[in-house]
Amino acid sequence: MKIFKYALILMASITVYAQETTEEKWTSNRPDGHAPISVMADHTHNKGDWMFSYRFMTMNMNSLKQGSDDATSQTVFDEGYAISPENMSMNMHMLGLMYAPSNKITLMAMTNYTSMSMDLVTGTGVNFSTESFGFGDLKISGLYKFLNNKRQSLHGQLGFSIPTGSIDEMDVTPASSPDEVQLPYPMQIGSGTFDIDLGLTYLKQYKTIGLGSQLKATLRTGENDRSYTFGNKYSLNNWLSYKTTEWLSFSARVEGLYVDEISGADEDLTPMMVTTADTTNSGGTYINSGIGFNTYIRNGAFKNLRFGFEYSFPLYQNLNGIQLETSNSLNFGAQYSL
Ligand SMILES: [Cu+2]
C-alpha cells in the first residue's frame with residue numbers, strides 16, 4: 001500500500017509542477033536538450049531535420065564477482081573451471097543517423113565497430129589473451145512523439161536489430177595453439193538474432209533543470225545459428241541535468257538494468273573450460289550511474305553541433321554465477337543536426 005501512496009504523491013506533485021510551468025513546448029534547443037551521451041533514442045526531431053552522430057565508448061572490467069560478492073581466479077578454479085578471465089576491455093565506435101519525416105515520427109539507424117580484448121589465466125598459471133573485432137549489429141528504429149506541451153515530452157521507440165555482427169569470432173588459446181577456436185559468448189560482436197527494441201522516454205524541462213526517464217526492453221527473437229539466444233535486457237534509466245549557460249550543462253544519471261541468462265548453448269564451447277563459456281555465468285542485475293556534460297553551439301558556423309561526455313561506473317552488481325564485473329566506462333561523442 002505504501003508504494004501506491006508514494007506513487008499518488010509523485011503523480012500529484014508532477015501535476016502541480018506541470019501547472020506551474022507555462023504552455024511552452026519542450027525544446028532540444030539547449031545543451032541538455034539531449035540526454036547524457038550514453039543514452040540512445042532520448043530525443044526526437046522536427047520535420048525535415050537530419051542528425052549525424054559519432055560516439056565512442058570504452059569499457060573496462062578488472063575484477064570478478066560471484067553474485068554480488070568479490071571473487072578471484074581461485075574462486076573460479078575452486079568451482080572446477082580450467083581457465084579464469086582476469087580482465088576485459090571493449091572499445092566501440094558508433095555511427096548514427098536520424099531523420100524526421102514528420103514532427104511526430106523520427107527514424108534512426110545505428111551501426112558500430114567493436115573491438116574486445118580479454119586477459120585470462122589457466123589453473124597452472126599460464127597467462128594469455130584473446131581478441132575480437134568487427135562491425136556489430138545494425139539497429140533501425142522509429143520514434144513516435146506522443147506529446148509535447150507544458151515543457152514535457154513523451155515518445156515511444158520501436159526498433160529492430162539486424163544481426164550483421166559476427167558470432168563466429170575465433171582466437172588462439174594455450175590449449176588450441178596453433179589453431180584458432182570459437183571464442184566464448186562475451187567476446188562475440190553480434191547477438192546473432194533479430195532483436196526488438198522497445199522504449200518509452202519522458203522528458204521534462206525547467207528553466208535550468210532538465211529531467212529524463214527512459215524505460216527500455218531489448219527482446220531477442222528465436223535462436224541464432226549457433227543454437228543460443230542472448231538474454232533479454234530491461235532497463236530504467238533516469239537523468240537530471242543542470243544548464244549552467246546557453247552552451248553547457250552537467251548531468252547525473254542512475255540506471256537500473258536487468259539482463260537475462262543466455263538460453264541454449266554454443267556446441268563448440270566447453271562450459272567447464274572457462275567461466276565465459278558457461279551460460280550459467282551470464283546476465284544479472286546492475287545499478288549503474290554516470291556523470292557528464294553536454295555542450296551545444298546555438299549560432300554561427302558550427303550551429304547545432306553538440307559534444308557530450310560521460311563517465312559511468314556501477315553502484316551495484318549482482319551477477320549470475322561468476323563473471324567479470326564492470327569497473328567503469330567512458331562515453332563521448334559529437335552530434336550534428338541540420
Ligand atoms: Cu538526434
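A: Let's begin with exposure: a residue is buried under 20% relative accessible area, exposed over 50%, and partly exposed in between (1.4 Å probe, protein chains only). This is a predicted model, where local features need pLDDT of at least 70, side-chain atom pairs count only at pLDDT 80 or more, and totals for chains, interfaces and linings use all residues. Residues are numbered from 1 along each chain as its sequence is written, and side-chain values use heavy atoms, without hydrogens or water.

Q: How many salt bridges are found in the whole structure?

A: First the general idea: side chains of opposite charge can pair when their charged atoms come close. The cut-off here is a side-chain nitrogen of Lys or Arg within 4 Å of a carboxyl oxygen of Asp or Glu. Searching the whole structure with it gives 11 salt bridges. One of them joins R298 to E246, with 2.8 Å between the closest N and O atoms. R298 sits in the loop between β16 and β17, and E246 in the loop between β13 (233-243) and β14 (248-259), so this contact ties together parts 52 residues apart in sequence. (Strands are DSSP runs of E, at least two residues, numbered from the N terminus.)

Q: Where in the chain do K65 and E325 lie?

A: Their side chains meet in a salt bridge at 2.9 Å, N to O. It links distant parts of the chain, since K65 is in strand β1 and E325 in strand β17, 260 residues apart. K65 is buried, with a relative accessible area of 10%, and E325 is buried as well, at 11%.

Q: Which residues are linked in a network of salt bridges?

A: That network contains D168, R226, D266 and D268. Take D266 and R226, whose side chains meet at 3.1 Å, N to O. D266 is in the loop between β15 (263-264) and β16, while R226 is in the loop between β11 (209-221) and β12 (228-229), so the two tie together parts 40 residues apart in sequence. D266 is buried at 4% relative accessibility, and R226 is buried at 17%.

Q: Now for rings: how many aromatic pairs are there?

A: Rings of Phe, Tyr and Trp (its six-membered ring) pair if their centres lie within 6.5 Å; planes under 30 degrees apart are stacked, over 60 edge-to-face, and the rest tilted. The whole structure holds 9 aromatic pairs. For W50 and Y99, the centres are 4.4 Å apart and the planes at 35°, so this pair is tilted. W50 belongs to strand β1 (residues 50-67) and Y99 to strand β3 (residues 83-99), so parts 49 residues apart in sequence are tied together. W50 is partly exposed at 36%, and Y99 likewise at 28%.

Q: What kind of aromatic pair do F293 and F309 form?

A: F293 and F309 are stacked, at 5.5 Å centre to centre with 20° between the planes. F293 lies in strand β16 (residues 284-296) and F309 in strand β17, so the pair ties together parts 16 residues apart in sequence. Both residues are partly exposed: F293 at 27% and F309 at 26%.

Q: Which residues do ring pairs link into a cluster?

A: Y185, Y228 and F230 are the ones joined in this way.

Technical notes:
Helices (H or I, at least four residues) and strands (E, at least two) are DSSP runs, numbered from the N terminus.
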